[in-house]
Amino acid sequence: MKNQYVMLLFFLLWGLTASAVGPQLSYHGRIVDSTTNLGVTGAVDFIIQVRTPTTAADNCILYEETQTKILNNGTFVLGINNGAGVRTDTSGYSVEQIFSNKNTFGSFSLLGGACNSGNPFLYTPSATDVRRVTIKFHDSTMALGAYEPLPAQTVAYVPSAIDSLAVGGF
């Protein structure tokens, strides 16, 4: 009987490892009610976006996913690109490409629907470019389809960390 539990645990851990989808980011936060300053509790829908840097000529979505989390006292952790959400953008670029400034694959060819201008955009990252992460949320107290944006966060060192995955071909 004891050996069966050990085998079950081994396969469970292997399955969790196999479900990893590449480099991941974590976004930690807390949502509080503006009237009571109490943390929001219950189901909250999130839209997570990685966007071009402010130095780019247009504000475009490079990556987008949605997640639903059950919050307790407003605290949440969003795992970006960890398989918990549903990717909704159509860029086709991997997270490695999105955060890479080496530009080994060329430029990002972004569709007009992904950009604030509504026009297609060709973005070529420079060596010092950063990316912006924007989070929007919707809870049960909000109107259907209404999302509240959190302030955009600049992600400056993640590109370097992801680029280091390919040092020396490893």
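**Figure 1. Aromatic pairs in the predicted model.** Four aromatic pairs turn up in a search of the whole structure. Rings of Phe, Tyr and Trp (its six-membered ring) pair if their centres lie within 6.5 Å; planes under 30 degrees apart are stacked, over 60 edge-to-face, and the rest tilted. The model is predicted, so local features need pLDDT of at least 70 and side-chain atom pairs pLDDT 80 or more, while totals for chains, interfaces and linings use all residues. Residues are numbered from 1 along each chain as its sequence is written, and side-chain values use heavy atoms, without hydrogens and water.

**Figure 2. Tyr27 and Phe76.** The ring centres of Tyr27 and Phe76 are 6.2 Å apart and the planes meet at 15°, so this pair is stacked. Tyr27 sits in strand E1 (residues 25–30) and Phe76 in strand E4 (residues 75–80), so the pair links parts 49 residues apart in sequence. Strands (E) are DSSP runs of at least two residues, numbered from the N terminus. Tyr27 is buried at 14% relative accessibility. Phe76 is buried too, at 4%. Buried means under 20% relative accessible area (1.4 Å probe, protein chains only).

**Figure 3. Phe46 and Phe76.** This pair is tilted, with 4.8 Å between centres and 40° between planes. Phe46 belongs to strand E2 (residues 42–51) and Phe76 to strand E4, so the pair ties parts 30 residues apart in sequence. Tyr27, Phe46 and Phe76 make up one aromatic cluster.

**Figure 4. The surroundings of Thr52.** Thr52 lies in the loop between E2 and strand E3 (61–71). Thr52 is buried, at 0% relative accessibility. A polar atom of its side chain lies 2.9 Å from the backbone oxygen of Asp58.

Notes. Helices (H or I, at least four residues) and strands (E, at least two) are DSSP runs, numbered from the N terminus. Buried means under 20% relative accessible area, exposed over 50%, partly exposed in between (1.4 Å probe, protein chains only). A polar contact is a pair of N or O atoms within 3.5 Å; within protein, one must be able to donate a hydrogen and the other to accept it, and residues adjacent in sequence count only if both atoms are side-chain atoms.
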